[in-house]
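Take a look at the sequence and the model, then read on.

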Amino acid sequence: MCSYSAALELRLGSTETQLETHSAGNIDSPVLIVLIKSFIVFFFIVGSALRLRLDVTEKHLEGLRAEIAELEKQLEHLKKGNTDELKVAFSVGLTDSGPVGPFDEERTLIFSKTLTDVGHAYDRAAGVFTAPVRGVYFFSFTAADYLKGYMGLYLYRNNQPIIFNLDLNDHGGYASMSNGVALKLEEGDRVRLSLPASYRLYDDSRNFSVFSGFLLFAL
Ligand SMILES: *[C@@H]1O[C@H](CO)[C@@H](O)[C@H](O)[C@H]1NC(C)=O
């Protein structure tokens, strides 16, 4: 802007000098010079105004460019999220060999039969599900027994019991119970089912007792 006005002033000065030289002796020349000066000042003002508008427009464009870059970033993130979507789901059966328990102490139930395993988050040797990402997961189970007595189990998140399910099987036939829960887990949180001391469950090749879980959505 400064150099622009300096250039105009320079041109104004040289035009004046030229006019004075060429029109020496002409009566109308001072009027002409004032007229030309006015024109130059007028164009200078118009030019400055245009320059100002151009600056504003350029700033606006810069803002738009930044917005587009931000949107492109978000789009890229969404695309990536879709293709990298984590899939985690499992269903496991307890055992083929009949009764489990009763034991003197509470014990983690080791569901050893794989019905479904996507994502390998359930450890069949330890009986423990480990959350691969922070998110909301859903777990459910069905547990059965066939003799008189207490049947039941705990569902744990890490070392904290979340659900206790219990039934007194007093008729002594096949009985089963089911439950489910949605849990918000941090990455690495562990979920397992546990058999309380002196309780019993039952399973055979018909899959009476099943533990299932899946990732609803990551957080
Ligand atoms: C029990 O689960 C196994 C898979 O582990 C399956 O092949 C079998 O058909 C199931 N049995 C019954 C009776 O549902």
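Which residues in the largest nonpolar core touch the most other members? They are Leu109, Phe129, Phe139, Leu155 and Phe211, out of 31 residues in that core. Keep in mind as you look around that this is a predicted model.

**The chain as a whole**
- The protein chain has 2 helices and 13 strands.
- Of its 219 residues, 31% are buried.
- Take the contacts between residues at least 6 apart in sequence: 72% of those join residues at least 24 apart.
- The chain's accessible surface comes to about 14000 Å², and carbon and sulfur atoms account for 58% of that.

**The largest nonpolar core**
- Back to that core of 31 residues, with Leu109 and Phe129 among the members that touch the most others.
- At least two core residues come from each of these: strand 1 (89-93), strand 7 (135-145), strand 8 (149-157), strand 10 (175-185), strand 11 (190-195) and strand 13 (210-218).
- Strand 10 gives the largest share, with 5 residues.

**Around the ligand**
- Five names to look for here are Thr114, Leu115, Ser205, Arg206 and Asn207, the residues around the ligand.
- By class, that shell has 1 nonpolar, 3 polar and 1 charged residues.
- Ser205 puts a backbone N or O atom 3.1 Å from a nitrogen atom of the ligand.
- With Asn207, a polar side-chain atom lies 2.4 Å from an oxygen atom of the ligand.
- On its own the ligand has 360 Å² of accessible area, and the protein covers 39% of it.

**A closer look at Ser198**
- You'll find Ser198 in the loop between strand 11 and strand 12 (201-203).
- Is Ser198 buried or exposed? Its relative accessible area is 52%, so Ser198 counts as exposed, the cut-off being over 50%.
- Leaving out neighbours within four places in sequence, Ser198 is in contact with Pro102 and Phe103.
- Glu105 is 93 residues away from Ser198 along the chain, yet their C-alpha atoms are separated by 7.4 Å.

Methods: Residues are numbered from 1 along each chain as its sequence is written. This is a predicted model: local features need pLDDT of at least 70, side-chain atom pairs count only at pLDDT 80 or more; totals for chains, interfaces and linings use all residues. Side-chain values use heavy atoms; hydrogens and water are left out. A nonpolar core is a set of buried Ala, Val, Leu, Ile, Met, Phe, Trp, Tyr and Cys residues joined through side-chain atoms within 4.5 Å. Buried means under 20% relative accessible area, exposed over 50%, partly exposed in between (1.4 Å probe, protein chains only). Helices (H or I, at least four residues) and strands (E, at least two) are DSSP runs, numbered from the N terminus. A residue is near a molecule or strand if one of its heavy atoms lies within 4 Å of it. A polar contact is a pair of N or O atoms within 3.5 Å; within protein, one must be able to donate a hydrogen and the other to accept it, and residues adjacent in sequence count only if both atoms are side-chain atoms. Accessible areas come from the Shrake-Rupley method with a 1.4 Å probe; for residues, only the protein chains shown count as cover. Ala, Val, Leu, Ile, Met, Phe, Trp, Tyr, Cys and Pro count as nonpolar, Asp, Glu, Lys and Arg as charged, and the others, Gly among them, as polar. Contact means heavy atoms within 4.5 Å.
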